[in-house]
Amino acid sequence: MSDATRGTAGTPGDGTRAVRAGLPEPVKHEPTLPGPVFAAHFHLPGDPTGPYTYGRDENPTWTLLERAIGELEGPGRGDVETLVFASGMAAISAVLFSQLRAGDAVVLPDDGYQALPLARAQLEAYGIEVRTAPTGGDAQLEVLDGAKLLWIETPSNPGLDVCDVRRLADAAHAQGALVAVDNTLATPLGQRPLELGADFAVASGTKQLTGHGDVLLGYVTGRDAEAMAAVRRWRKIVGAIPGPMEAWLAHRSIATLQLRVERQNATALRLAEALRERPEVTGLRYPGLPDDPSHKVASLQMRRYGCVVSFTLPSRERADSFLDALRLVDDATSFGGVRSTAERRGRWGGDAVPEGFVRFSVGAEDPEDLIADVLRALDVTAG
């Protein structure tokens, strides 16, 4: 672990912060992390004042989780607010539709998460102009003029391109635009968009943040009170709220985030290095590789490079047979879990990738076992 992740005198390191994030002040005979609060309504005599009135607006279990995420995305900042949602797409939609109006323009990546085109269609139906450009090479700068909101996804999913967040944020702010960064793949332990100038850090907590493949969750962390008030209002209107059990499971899982991230990211680099030696593998991408096209920029703004490796096999058939031959890897979508997953991404039809393109999410298995399984599967499907 680098000095940057250990913490300094008076500043906790990532592991300490993850373990203690969002915990309430200790009370004798009370649990250190209170259980989920299942309540649709709360006792409310007199005027409706105080934090908890109705279950669609607030919940004590959300509050603790929101504090925890805020402490990871913006440690030491008093101007940060976090709101949790039922899914990553609920969080993404909340920012887009709370900040934009008919006649506004928004800039999206054209190589981002495959559900963004669905959001684009709805934005355009509401009279919002949508412009797109690739993540790599900071290409979104070329279509930024006059936009109200810049949406960045770095590293991009599934291609793993990286853009310079600070450069784009400075350019957007100079034109009066807000900046949102999808931080799902990096996690707050890999990248802190707010420290790089973004107004919003948005993510799917379904992925590595919670890491066990058993929770659907999203969040928005922001540093502009007025903008976050609009996001909160949108959550209230559409009711895209997480259940208290999901929120509690997420908070519990964050305690092991640093342990999981360290193991998964280290193994991802070793896997990428092993795949680099295979002649049938092309288009290998992992920002942690020194020769990766994104490595230089990623190294300036990321503290860790993530658990996802992407590569292409010669054909759809070869990719399918490879995935079928794996023994320690589930053929499943999503990423960031403790159990490795991989999929032929083209099967969904929403990503501009070759038929043999594989998105591989490295889990917490022993590195030697996982890499041996991958190399064996490549060998047995070579014929």
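Is His29 buried or exposed? His29 is exposed, at a relative accessible area of 73%. This is a predicted model.

**Backbone features**

- His29 is not a glycine, yet its phi is positive, at about 70°. The residue sits in the loop between H2 and H3.
- Asp138 also has a positive phi, near 55°, and is a residue other than glycine. Its place is the loop between strand S3 (129-133) and S4. Asp138 counts as buried, at 10% relative accessibility.
- Thr154 and Pro155 are joined by a cis peptide bond, with omega about -10°. Pro155 lies in the loop between strand S4 (149-153) and helix H6 (165-174).
- Another cis peptide bond joins Asn157 and Pro158, with omega about 15°. Pro158 is likewise placed in the loop between S4 and H6.

**Cysteines**

- A disulfide needs the sulfur atoms within 2.5 Å.
- Cys307 is in no disulfide either, and its nearest cysteine sulfur is that of Cys163.
- Both side chains fall in the buried class. Cys163 has 0% relative accessibility. Cys307 has a relative accessible area of 1%.

**Salt bridges**

- Asp14 and Arg192 form a salt bridge, with their closest N and O atoms 3.4 Å apart. The pair links distant parts of the chain, 178 residues apart. Asp14 is in helix H2, while Arg192 is in the loop between strand S5 (178-182) and S6. Asp14 and Arg192 are buried.
- A network of salt bridges links Asp14, Arg17, Arg192, Glu195, Glu262, Arg303 and Arg304.
- Asp79 pairs with Arg77 in a salt bridge, the closest N and O atoms lying 3.0 Å apart. Asp79 is partly exposed at 39% relative accessibility. Arg77 is partly exposed at 28%.
- Glu129 forms a salt bridge with Arg131, where the closest N and O atoms are 3.0 Å apart. Glu129 is partly exposed at 41% relative accessibility. Arg131 counts as buried, at 19%. The reason is the cut-off: buried means under 20% relative accessible area.

**Arg278**

- Arg278 lies in the loop between helix H9 (257-275) and strand S8 (282-285). The residue is buried, with a relative accessible area of 16%.
- Which residues does Arg278 contact, leaving aside neighbours within four places in sequence? They are Leu375, Leu378 and Asp379.
- Leu375 is 97 residues away along the chain, and its C-alpha is separated from that of Arg278 by 8.8 Å.
- The side chain of Arg278 makes a polar contact of 2.8 Å with the side chain of Asp379. A polar contact of 3.0 Å joins the side chains of Arg278 and Glu280.

- Thr210 sits in the loop between strand S6 (200-204) and strand S7 (218-222). Thr210 counts as buried, at 1% relative accessibility.
- The Thr210 side chain reaches the backbone oxygen of Gly205 at 2.6 Å.
- Beyond residues up to four places away in sequence, Thr210 touches Gly205, Val215, Ala250, Ser253 and Arg260.
- Ala250 and Ser253 are among the buried residues of helix H8 (residues 244-254).

**Cavity**

- How much space lies in the largest cavity? The space is about 50 Å³.
- The lining of the largest cavity consists of Asn183, Thr184, Thr187, Pro188, Ala203, Ser204, Lys207, Gln208, Leu209 and Tyr219.

Definitions and conventions:
Residues numbered from 1 in each chain as written. Predicted model: local features only at pLDDT ≥ 70, side-chain atom pairs only at ≥ 80, totals over all residues. Heavy atoms only, no water. Buried < 20%, exposed > 50% of the residue type's maximum accessible area, 1.4 Å probe, protein only. Helix = DSSP H or I, 4+ residues; strand = E, 2+ residues; numbered from the N terminus. Contact = heavy atoms within 4.5 Å. Polar contact = N/O pair within 3.5 Å; in protein donor to acceptor, adjacent residues only side chain to side chain. Salt bridge = Lys/Arg side-chain N within 4 Å of Asp/Glu carboxyl O. 1 Å grid on protein atoms, 1.4 Å probe; cavity = no way out; pocket = protein on both sides within 12 Å on 5 of 7 lines; lining within 4 Å. Points joined across faces, edges and corners; volume = space filled by probe spheres on them.
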